[in-house]
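Dear colleague,

Here is the structure I said I would pass on. My notes on it follow below.

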Amino acid sequence: TDTTARTYTVNNSVFSTDDVVTLGNYSSTANISVASGAGFTMYLAGTATTGTRTIAPRGVATIIFESASVGYISGPGVT
């Protein structure tokens, strides 16, 4: 949960298969970025798109981990 603009980095081998993390952006003005650290691939759910994602103000993102090195991010306000 956050209210200021910042970047969170998801690193390889921190989470395990089937772990789930939810991030809420409670700011009314600032975006939050979620980046992939070295060795971690994060897909925008339902696409082949990888890389840093943005959580818009008042948005919510959930990351589901396929493994320690692959995850899928989705949610309202995630691009």
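The model is predicted. To begin with the pairing of strands: strand 2 and strand 6 (residues 60–65) run antiparallel to each other, joined over 5 bridges. In one of these pairings, Val20 has Ile64 of strand 6 as its bridge partner.

Both strands belong to an open sheet of 4 strands, ordered 2-6-7-4, with mixed pairing. Strand 2 (20–24) and strand 4 (41–44) are the edge strands; each has a single partner strand, so one side of each has no neighbour in the sheet. On average, neighbouring strands in this sheet are turned by 25° against each other, ignoring direction.

Next, the core. The largest nonpolar core has 13 residues, and those touching the most other members are Val10, Val34, Met42, Ile55, Ile63, Ile73 and Val78. Strand 3, strand 4 and strand 6 are the elements that supply two or more residues to this core. Strand 6 contributes the most, with 3 residues.

With neighbours within four places in sequence left aside, Ala35 is in contact with Thr7, Tyr8, Thr9, Val10, Met42 and Thr52. Of these, Thr9 is 26 residues from Ala35 in sequence, while their C-alpha atoms are 4.6 Å apart in space.

Regards

Terms used
Residues are numbered from 1 along each chain as its sequence is written. This is a predicted model: local features need pLDDT of at least 70, side-chain atom pairs count only at pLDDT 80 or more; totals for chains, interfaces and linings use all residues. Side-chain values use heavy atoms; hydrogens and water are left out. Contact means heavy atoms within 4.5 Å. Two strands pair if DSSP finds at least two bridges between them. Axes are lines fitted to C-alpha atoms, for helices over the stretch in contact, and angles run from 0 to 180 degrees between N-to-C directions. A nonpolar core is a set of buried Ala, Val, Leu, Ile, Met, Phe, Trp, Tyr and Cys residues joined through side-chain atoms within 4.5 Å. Buried means under 20% relative accessible area, exposed over 50%, partly exposed in between (1.4 Å probe, protein chains only).
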